[in-house]
Amino acid sequence: MEQQRSVSGLLQSPRSPSSQPYLSVSVTDPVKLGNGVQAYVSYRVITKTNFPDYQGPEKIVIRRYIDFIWLRDRLFEKYKGIFIPPLPEKSAVEKFRFSAEFIEMRRQALDVFVNRIASHNLLQQSEDLRTFLQADEETMERLRSYENGIFKKKPADLIQIFKDVQSKVSDVVLGKEKPVEESNLEYEKLKHYVFELENHLAEAQKHAYRLVKRHRELGQSLSDFGKAAKLLGACEGQALGKAFSDLGAKSEALSVKLQKEAHQLLMSFEEPLKDYVRAVQSIKATIGDRANAFRQQCELDETMKLKKINLYASGLPYIMPFPPCFAIFCCH
């Protein structure tokens, strides 16, 4: 009886998938496809969930790096003011783009990226996330091919863009351009902290990069020295030749150890710092959205003031527009 109760309690544990909503995602099995400039790496994305909006308890899809970019851009556009997790950057050196180490680091970073979204109370409800985790490859390719640039914007959006540019140019020419900033001291303090944090993290990441690079170069030098010592030992007599061969073997063993230490430093020190830097940059992007919203609010306030002045100058009374909720109340 006691055993039955303990088993029953275990099955009803809060960590049990059946007792509470859950959404977990795994990014696995990177595979290089294509050749030359058309080459890319695909990933198997496995989703396990009991959310009712999903097609089933488990779904497996194939995704490319540009699909992850699509997801982040969509979330960044729709969820203003919310921190959107950062993506790992592209390889700056083309020849390292398909190295086993770089592909594995990117796979881990993409896994962290999508699970951060899946664990966010608001972002996990996104329709774009459901599409990313469930749509077939043809659907994702069609969605990716839809350009989000200026030429895909609505005509009204284009007109507003040109008006904004014209207004800014006029302000600069007439000397009216002046920065619009918030006077919230707490916000300014936080913003200053974020900018300072980015500088410190970027500096620490540079030092970590140099440390990893130094370990790798030292390991490679010892490997080359070990090979040369072994060749020299093969040309010498028995006693001296054995000494050189042993020296070469010890050098190569030490080289392997240094290469392993370099990889450990990369994964446990440099890569986390890079992730922190990317996270701070995403926070800065959110701060930029807030600054743009504040600027737009100030511009609307100025527009309202100008309209009031024009109405007063024309002799017509200014009627304050009803708020939407008040208008609805009056209609009823």
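Biologist: Why is Ser255 called buried?

Modeller: In this predicted model, its relative accessible area is 5%. Buried means under 20%, exposed means over 50%, and partly exposed lies in between, using a 1.4 Å probe and protein chains only. Since 5% is under 20%, Ser255 counts as buried.

Biologist: Which residues is Ser255 in contact with, leaving aside neighbours within four places in sequence?

Modeller: Gly219, Gln220, Leu222 and Ser223. Contact means heavy atoms within 4.5 Å.

Biologist: Where is Ser255 placed?

Modeller: In helix α8, residues 238-314. Helices are DSSP runs of H or I with at least four residues, strands are E runs of at least two, and both are numbered from the N terminus.

Biologist: Where does α8 bend?

Modeller: At Leu266, by about 40°. The bend is the angle between axes fitted to the seven residues ending there and the seven starting there.

Biologist: Now the sheet. What is its strand order?

Modeller: It is an open sheet of three strands, β1-β2-β3, with antiparallel pairing.

Biologist: Why are β1 and β3 at the edges?

Modeller: Each has a single partner strand, so one side of each is left without a neighbour in the sheet. Two strands pair if DSSP finds at least two bridges between them. β2 and β3 have seven bridges, so they qualify.

Biologist: Why is Gln124 called buried?

Modeller: Its relative accessible area is 17%, which is under the cut-off, so Gln124 is buried. Gln124 lies in the loop between α3 and α4. A polar atom of its side chain is 2.6 Å from the backbone oxygen of Ala118.

Biologist: What are the ground rules?

Modeller: Local features need pLDDT of at least 70, side-chain atom pairs count only at pLDDT 80 or more, and totals for chains, interfaces and linings use all residues. Residues are numbered from 1 along each chain as its sequence is written, and side-chain values use heavy atoms, leaving out hydrogens and water.

Methods:
Polar contact = N/O pair within 3.5 Å; in protein donor to acceptor, adjacent residues only side chain to side chain.
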